[in-house]
Amino acid sequence: MIDFDDKLSMALNHALSAHPAFANLYDVLSNNDFVRGLPIIAALAFLWFSRDARGQLHLIVQLLAISAATVTSVLVQRLHLFHTRPMLRPELGLHLPADLAGQLWNDAPWSWPSDTATLYAGLVAIVCRDKPRLGVALGVWTLVVILIPRVAFGYHYASDVASGVVLGASAVLIADALFKAGEQPLVDRLSAPVGHHPVLINTLFMIGVWQLADLMIDPRAAIHAVALFMRH
């Protein structure tokens, strides 16, 4: 697997390095939360506003599961398992975009599993469960715009991305199973606030989805700052 990871990373990277201008554009767009997340977030918003209170509660449970899976992937990276990011391995000879400096990732060198793949695979899985054709289209978008660049530019190996996809999709399946297994009276009780306070719930939903599309960078930074403060 390690040999396959190395060869695929080098093959994709060298193919793109033959066209430096396109490679730089591709890297910028693949890391732009607005560009890469717009169709997925729009699809989730469509699902949200087309559902009743029970359906919206179901979506909330799915999003919470994806959030937990994404946080888990970040924490697992910090366990320093398997390998460092390809961009930090000079022997691979990867050509990095002009604005991408590998040393900036020295504080987060470990790459398994991919938190980006976990998040976006989970979001696409939600859409697939409700609108399969739309979900497939978003899956292709995610593969081309988000996942392939993670491998091509050395952020992650293909195995990191594949593991993240499995983790994100599994989180949605587990959330679905738990929601269906919930007792009807309990589900109805939890759905009531969603239906009774639509303005508040809609606002919180949009804020939550916005932060998810940004990989929860702001909440994570805030939690990290508070943790540092508590240690002193």
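These are my notebook entries on what I looked up in this predicted model.

**Ground rules.** I number residues from 1 along each chain as its sequence is written, and my side-chain values use heavy atoms, with hydrogens and water left out. Because this is a predicted model, local features need pLDDT of at least 70 and side-chain atom pairs count only at pLDDT 80 or more, while totals for chains, interfaces and linings use all residues.

**Overall fold.** I found 10 helices and 0 strands in the chain; helices (H or I, at least four residues) and strands (E, at least two) are DSSP runs numbered from the N terminus. The radius of gyration is 19 Å, close to the 17 Å that the globule rule gives for 232 residues, so the chain is as compact as a globular protein of that length. For that I took the radius over C-alpha atoms, and the rule is 2.2 Å times the number of residues to the power 0.38. The C-alpha trace spans about 60 × 50 × 30 Å along its principal axes.

**Helices α3 and α5.** Next I looked at α3 (residues 33-49) and α5 (residues 115-130), whose axes come within 10 Å and cross at roughly 30 degrees. Axes are lines fitted to C-alpha atoms, for helices over the stretch in contact, and angles run from 0 to 180 degrees between N-to-C directions. The crossing is left-handed, that is, the near helix is turned anticlockwise from the far one by less than a right angle. Contact (heavy atoms within 4.5 Å) involves residues including I40, L44 and L47 of α3 and Y120, L123 and V127 of α5. I sorted the contact residues into 9 nonpolar, 2 polar and 3 charged; Ala, Val, Leu, Ile, Met, Phe, Trp, Tyr, Cys and Pro count as nonpolar, Asp, Glu, Lys and Arg as charged, and the others, Gly among them, as polar.

**The loop between α4 and α5.** Here I checked P113, which a cis peptide bond joins to W112, with omega about -10 degrees. H80 is also placed in the loop between α4 and α5, and its phi is near 60 degrees, a positive value in a residue other than glycine.

**A pocket.** I then turned to the second largest pocket, lined by 14 residues, of which I60, L63, L64, L204 and G208 lie nearest its centre. A pocket is an open set of points on a 1 Å grid over the protein atoms alone, where a 1.4 Å probe fits, with protein on both sides within 12 Å along at least five of seven lines; lining residues have an atom within 4 Å of a point. α9 gives the most to this lining, with 7 residues. The lining divides into 11 nonpolar, 3 polar and no charged residues.
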